[in-house]
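Colleague: I would like to learn how to read a structure like this one. Where do we begin?

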Amino acid sequence: MLVGITGGIGSGKSAVCRVFEQCGAKVYYADPSAKRLMRNPEVLEKMERFLGPRVLLPDGRLNTEYISGQVFADSSRLNALNALIHPMVFADFERWVRLHEAEKVLFLESALIVEAGWTDRFDKLVVVTAPEEIRIGRVMERDRVGREQVEARMKHQMRESERLKYADYIIRCDERHLMIPQAVRIYEILSNFKRDEI
């Protein structure tokens, strides 16, 4: 069984995935995988065409601050980057799935499962949700950025109410509900599904 884990920026997806991993799950994380794939020389060359030559720092690391500033200020650049990276990430995920084919259930964590049109590739979708103010506060603290930068990123993501329509399961990371018991219960349900019940 393939299960997608999604939610807006700052919703708590990574925390939920850590609980799943503690339960024994294998999780593929799309964001770090995308950053790794961006280091491919052919990909870097294509990125430089629409983002300019500053996509790499002098020490060879990705200039994530510059890239974010470019794509979140210009929807056409964001769309171009997504069109380049999304297919590569999913192809890499499919290779990862083949490496772990003995597992009963595998998870992919990504903020953009719905936006990328990947929902039909999963047997189940878990949506992690939290109120906007909490999400903004988390990202400001995590990334050490200002509110405006967080809101600029959020503007390019699907509205929470729309994303929830795709959910088979919802985990609320809102500081009112205990997240760990929710995640453990959903993991137990998913890991005990029989193929003919999906």
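Modeller: With a definition: a polar contact is a pair of N or O atoms within 3.5 Å, and within protein one must be able to donate a hydrogen and the other to accept it. Keep in mind that this is a predicted model.

Colleague: Which backbone atom lies 3.0 Å from a polar atom of the side chain of Arg 135?

Modeller: The backbone oxygen of Ile 9. Arg 135 itself is found in helix H6.

Colleague: Is Arg 135 buried or exposed?

Modeller: Buried means under 20% relative accessible area. Arg 135 has 6%, so it counts as buried. Leaving out residues up to four places away in sequence, Arg 135 touches Gly 8, Ile 9, Gly 10, Ser 11, Ala 130, Met 154, Gln 157 and Glu 160.

Colleague: Glu 160 is on that list. Where is Glu 160 placed?

Modeller: Glu 160 belongs to helix H8, residues 160-163. Its relative accessibility is 15%, so Glu 160 is buried as well. The side chain of Glu 160 reaches the backbone nitrogen of Ala 130 at 3.4 Å. Apart from neighbours within four places in sequence, the contacts of Glu 160 are Gly 8, Val 128, Thr 129, Ala 130 and Arg 135.

Colleague: Now the sheet. How should I read the order of its strands?

Modeller: Strands of a sheet pair through backbone hydrogen bonds, either parallel or antiparallel. Here 5 strands form an open sheet in the order S2-S3-S1-S4-S5, and the pairing is parallel.

Colleague: Which strands stand at the edges?

Modeller: Strand S2 (26-29) and strand S5 (169-172) do; each has a single partner strand, so one side of each has no neighbour in the sheet. On average, neighbouring strands of this sheet are turned by 25° against each other, with direction ignored.

Colleague: How many bridges join strand S1 to strand S3?

Modeller: There are 4 bridges between S1 (residues 2-6) and S3 (residues 106-109). Gly 4 stands opposite Leu 108 in S3.

Colleague: Which strands does helix H2 touch?

Modeller: Helix H2, residues 30-38, packs on the sheet and touches S2 and S3, with its direction at about 50° to that of S2. Helix H9, residues 179-191, also packs on the sheet, where it touches S1, S3, strand S4 (124-129) and S5. The direction of H9 makes about 160° with that of S5.

Colleague: What about the nonpolar core? Which residues touch the most other members?

Modeller: The largest nonpolar core has 31 residues, and Met 47, Ile 67, Ile 85, Val 89 and Phe 93 touch the most other members. Among the elements that give two or more residues to this core are helix H3 (41-51), helix H4 (64-71) and helix H5 (75-99). H5 gives the most, with 9 residues. Leaving aside neighbours within four places in sequence, Phe 93 is in contact with Leu 2, Tyr 28, Phe 107, Leu 108 and Phe 122.

Colleague: Which residues of helix H7 are buried?

Modeller: Val 150, Arg 153 and Met 154 are the buried residues of H7. Their arc is only 100° around the axis, which puts them on the same side of H7. They pack against helix H6, while the face turned away carries the exposed residues Glu 148 and Lys 155.

Methods
Residues numbered from 1 in each chain as written. Predicted model: local features only at pLDDT ≥ 70, side-chain atom pairs only at ≥ 80, totals over all residues. Heavy atoms only, no water. Buried < 20%, exposed > 50% of the residue type's maximum accessible area, 1.4 Å probe, protein only. Contact = heavy atoms within 4.5 Å. Pairing = 2+ DSSP bridges. Axes fitted to C-alpha atoms, helices over the stretch in contact; angles between N-to-C directions. Core = buried A, V, L, I, M, F, W, Y, C linked by side-chain atoms within 4.5 Å. Arc of directions from axis to C-beta.
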